Amino acid sequence: MICAGVVMLALSSCGSGGKEDVLPPTVEVKTTMIEAEGRSQYIYVKASSSWKITLTSVDGGAPVDWIIAAPSSGSGNTDVTLNVAANESEQERSAVLTVENSAGKASKTISQKGKKPEIKPDPDPTPEPKPNETGWLELPSVPAGTDFFAHSMTIGSVKTRNYSFIWDYDNLVAPWVAYPLCKWNMASNVKRTNAWALDPLLPESKQPVLYRGFSKGNNGWYARGHQIPSADRLTSYESNAMTFYGTNMTPQIQEGFNGDIWATLEGMVRSWANKSDTLYVVTGCVIDYKDGETVKYALDNNGKKVTVPTAYYKVVLRYMKSSTVGYSGYSACAVWLDHKVYSTKTIDSSYSMSVDDLEKRLNIDFFVNLPAKVGEETTARIEAEDPKDVTWWWR
């Protein structure tokens, strides 16, 4: 007599009395390595009888609780969901999944990656903003009677500063925005948020409202130009969203400036930061209309007038403990761009100057806290050095 029939991968055979033999189960798993964040995934149990699932540690066979099978028992061919909790440790972990019935068992080892280690911040005094704090290395001097503001953020378990600025209530722009930049605080964990919003530190009437771009009236639009770029703060939604406050924006020419040479400069600064322990950055806008020159204004979304800057600059103080460039691990570079349409996107040393030269041009004392770190004499050497003569900045 020939017996017919197939039960998936548990094959039927003919024996005495025509009964089916029970065969060991099998299990299909799409992946045996799960991301640290945890998730649910399906496995497929194939069996010709009742079965149960156990999940045990790979070393001692003790039950584990970070991975749960649902259902953990059944009969026949069944989809099973594995619910995997997030791994809060940096160490990878594994469990043995065993499907067993009366004829035998099948096992798979399921592993989960450890979470990425936090990049530790560069040692820095006063990591958390305090009212009118002036100890941070990136800060210029704050003129008497000028309002100073600071935004903080949290990275991992560390509360630290995002950026600081002073405010010009007449022109509705920040004359400068200052912030530290390093691998730790510019790690790319999120995408650009485009979370255009009001700065909670100032009343709406004292800042630009910019859910849309700056209007030129009947002549089109200016770009909303970031002073601290969005791409410098992708550590979290919170840190990135702060870069979209109206206080961080100025009206910029888009083609030939904001989307071109200015974007190149922003990328260069990030590149410098990636090759440093910390890069202390000041981004500034300049309003310097000459006698007889017509002052240009943009309009915010509520019709308030915002003065269009005549120039922009970035001045950076680099710290690299092991560096042979500069003095006591520090070196500095300033870059100046008139606010106009450029025919090139390239930034080279011809746009640069020493910190001393920028200070004389703007009558601003940059990096006022540096002497406390390295002394007056070394600070003078750092700020006097012409970056045109330092190949590190341009290689």
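Trainee: What should I know before reading the numbers?
Mentor: Residues are numbered from 1 along each chain as its sequence is written, and side-chain values use heavy atoms, with hydrogens and water left out. Because the model is predicted, local features need pLDDT of at least 70 and side-chain atom pairs count only at pLDDT 80 or more, while totals for chains, interfaces and linings use all residues.

Trainee: How many disulfides are there?
Mentor: Taking a disulfide as a pair of cysteine sulfur atoms within 2.5 Å, the count is zero.

Trainee: Is Cys333 buried or exposed?
Mentor: Cys333 is buried, at 1% relative accessibility, where buried means under 20% relative accessible area, exposed over 50% and partly exposed in between, with a 1.4 Å probe and protein chains only.

Trainee: Switching to rings, how many aromatic pairs does the search find?
Mentor: The whole structure holds 15 aromatic pairs, counting rings of Phe, Tyr and Trp (its six-membered ring) with centres within 6.5 Å, and calling planes under 30 degrees apart stacked, over 60 edge-to-face and the rest tilted. One of them is the stacked pair of Phe149 and Phe165, with 5.2 Å from centre to centre and 25 degrees between the planes.

Trainee: And which charged end sits over the ring of Trp196?
Mentor: That of Arg224, 3.5 Å from the ring centre; the rule asks for NZ of Lys or CZ of Arg within 6 Å of the ring centre and within 35 degrees of the ring normal.
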